[in-house]
Amino acid sequence: MRHLGPLQIKAVNKVGDILLPGVGGMPSFSKTGCVQDIDRVLDYVPPSDLGDLKGLLLLLGLMPRGFLVALLWLLERSVNSSLPGAALARTIRLGLRGIVMSLYYGHPMIHERMQFQIGVYMDDKR
Amino acid sequence: MKYDFIVIGSGVSGARIAYELNAGGAKVLLLEAGKEFGAKTFPRNELDYSSQLFWGGGIEMSTDGRLGFLRAKVVGGTSIVNQALLDRFDDIAWRDWRSVSGVSYFDAESMEPHYKAVSKGLDIRHFEEEYFNPNARIFTRAFDKLGYGWKPLDRAQGDCKLDKGTDCIVCLGGCPRDSKQSALVTVIREGRKCGLIVEPEWEVDRLEFSAGEVRVVGLQLGKQQELTAPQVVLAAGALGNSKILHRSGLGAKLPALGTRFSCHPQLMTYAYFSEVIDAHKGAFQTVKSADPKMREWGFKLENVFAQPIGTGMLLPGYGEQHQKRMSKFRHYASMEVALRDEATGRITVGKGGKLMIDKKLTDVDRAKGKRGLELVRELFTAAGAQEIIACEQAFGLHLMGGCPIGTDPGTSVTSPEFKLHGFNNVWLADSSVFPGAPGINPSFTIMALSHRAAQGMLKR
């Protein structure tokens, strides 16, 4: 994992486990180990946005879990809010959600649990 | 090499114009900011294609964070990642465009020769009912039950082997069969056979003007580059063209630059059924609303679906409830409301040349959206859905305006002859010239406009 240090990786797993705690046959975010794939996402994030994200994750990595739970709850409330700061909250929400949902729901283990399978007929192209 | 034209952007507009100019004997260089992939090299899964084929590493946001925009960054442009749906504009769209722009040829009769010309070489297919998957059948049965009109979509595709189990949703990340008729496998392929040069990973920053020539300045594979040509075609889309022209310092000279941005905001609703739907299987997008009432109400409905990451992003909330819903992915149907939004958005550049997309839904847009979502709820209820979930996050995939066409340089950026107002050597004919949202898939009309524009460029 080239882009993030240990504290930032810890932040991704903490946020991931709050957004995706695990239920039924679906494991929690950190149990999948999907954070290992994070460079597949971050390699293509524009440098200025990546810098902002890394700073944010450093901050989140230092926060106690209870504080993170409250923060993510507040970010979720920003979706339809017109209060000052709501635009920034929505951007942060989408950024964190984008990383977590991409890594988790892009993981083969989760596809198997969801019984998600797609394919293309290629026998005529061989 | 000395080029007659440099075309910036390789989507359906840039690729078509480059092809026509090349075929007309001009020396053409086609630049694309994104990479080039092919049938054998497209990213094979949603995680990778979402990051690799789109600007911003996947998504760009409006300044208020309410709207997400998906803008392709790849040779072939949006035609690589869309469903190659082709619709002609109707009289309503043309009438509204004539009224806003003052452009007299915006009518079905004048544009028909251009639609016909770009159809040549395209395999346009109509989806037959035998290929409707359960999601489409839920859509059509609900429409029939409530008395609303629908019709199958027309798509530019070769033989996708749907009867052999192909799942079309794969080609949201590029078609591995070369059957989706993207710009890459049609006009770019044909153009290359006749000497068209395409340079990928060439990101244009700005244009500079001197002595009747245009200097194109940017980065190729991260290195500063400059190219010069007597004529330049801007086909980088609403966001790309607006950014390039702002960065070229033309904001003062073109007071309407960046204005009239619209995006057909898409509002998805998922519906849970006790039986397996497998909405992602087979031909996943096959039907749309075709009802004059909905046209009047300002939206259309389409059956559509998303892969797991997309669905995870769209379904509201998080935690156990969200995961429980996702675990039942195969039981969901979905429908989208595509709004004909008001063209009130504005594209500017901020600090460090960062793109700023100021686009808010107006009260009129929100009223249309509310009506559309209520109708979708009625339709899914009629279809027997056990749970109906309206998604809160709206996305725009049809990015239009920013360089609107018109007769008045005070309120438009592009002349009826497809030239930048005040310039004889900069041309535009892509979605950036749209003076308003048509409420109809824009792809076919972009191709037709580009064909018309290319005729003018060759005559210059």
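Begin by selecting Ala211(B), which sits in the loop between β9 (202-210) and β10 (213-220) of chain B; bear in mind throughout that this is a predicted model. Most residues other than glycine have a negative phi. Ala211(B), although not a glycine, has a positive phi of about 45 degrees, and with a relative accessible area of 81% it is exposed.

Now follow β10 to the loop that leads on to β11 (223-229) of chain B, and select Leu221(B) there. Leu221(B) is likewise not a glycine, and its phi is positive at about 50 degrees. Is this leucine, Leu221(B), buried or exposed? Its relative accessibility is 60%, so Leu221(B) counts as exposed, the cut-off being over 50%.

Side chains of opposite charge can pair when their charged atoms come close. Select Arg215(B) and Glu208(B), whose side chains meet in a salt bridge with an N to O distance of 2.6 Å. Both ends are partly exposed, Arg215(B) with a relative accessible area of 27% and Glu208(B) at 24%.

Then select Glu36(B) together with Arg192(B), which form another salt bridge, with 2.7 Å between the closest N and O atoms. Which parts of the chain does this pair link? Glu36(B) belongs to the loop between β2 (28-31) and α2 (46-52) of chain B, whereas Arg192(B) is in helix α7 (residues 184-193) of chain B, so that the pair joins distant parts of the chain, 156 residues apart. Glu36(B) counts as partly exposed at 33% relative accessibility, and Arg192(B) is partly exposed with a relative accessible area of 33%. Over all chains, the count of salt bridges comes to 38.

Next, hide the charged side chains and look inside. The largest nonpolar core holds 184 residues, and those with the most contacts inside it are Tyr105(A), Leu207(B), Leu301(B) and Phe380(B). α6(A) contributes the largest share of this core, namely nine residues. Centre the view on Leu301(B) and display its contacts, among them Phe139(B), Phe143(B), Met294(B), Met335(B), Val337(B) and Leu379(B), where residues up to four places away in sequence are not counted.

Finally, colour the two chains separately and turn to where they meet. How many residues does each chain bring to the contact? Chain A gives 48 residues and chain B gives 46. Together the two chains bury about 4100 Å², of which 59% is on carbon and sulfur atoms. Select Tyr44(A), Leu94(A) and Tyr121(A), which supply 16% of the area that chain A buries against chain B, more than any other three residues.

Three salt bridges are counted between chain A and chain B; to see one of them, select Arg40(A) and Asp48(B), with their closest N and O atoms 2.9 Å apart. The interface also has 25 residue pairs in polar contact. On the side of chain A that touches chain B, the elements giving two or more residues are α1 (6-19), α3 (38-42), α5 (65-77), α6 (86-105) and α7 (108-114) of chain A, and α6(A) gives the most, with 12 residues.

Note on methods: Residues are numbered from 1 along each chain as its sequence is written. Chains are lettered from A and ligands numbered from 1 in the order in which they are written. This is a predicted model: local features need pLDDT of at least 70, side-chain atom pairs count only at pLDDT 80 or more; totals for chains, interfaces and linings use all residues. Side-chain values use heavy atoms; hydrogens and water are left out. Contact means heavy atoms within 4.5 Å. Buried area is the accessible area (1.4 Å probe) that two parts lose on being put together, summed over both. A salt bridge is a side-chain nitrogen of Lys or Arg within 4 Å of a carboxyl oxygen of Asp or Glu. A polar contact is a pair of N or O atoms within 3.5 Å; within protein, one must be able to donate a hydrogen and the other to accept it, and residues adjacent in sequence count only if both atoms are side-chain atoms. Helices (H or I, at least four residues) and strands (E, at least two) are DSSP runs, numbered from the N terminus. Buried means under 20% relative accessible area, exposed over 50%, partly exposed in between (1.4 Å probe, protein chains only). A nonpolar core is a set of buried Ala, Val, Leu, Ile, Met, Phe, Trp, Tyr and Cys residues joined through side-chain atoms within 4.5 Å.
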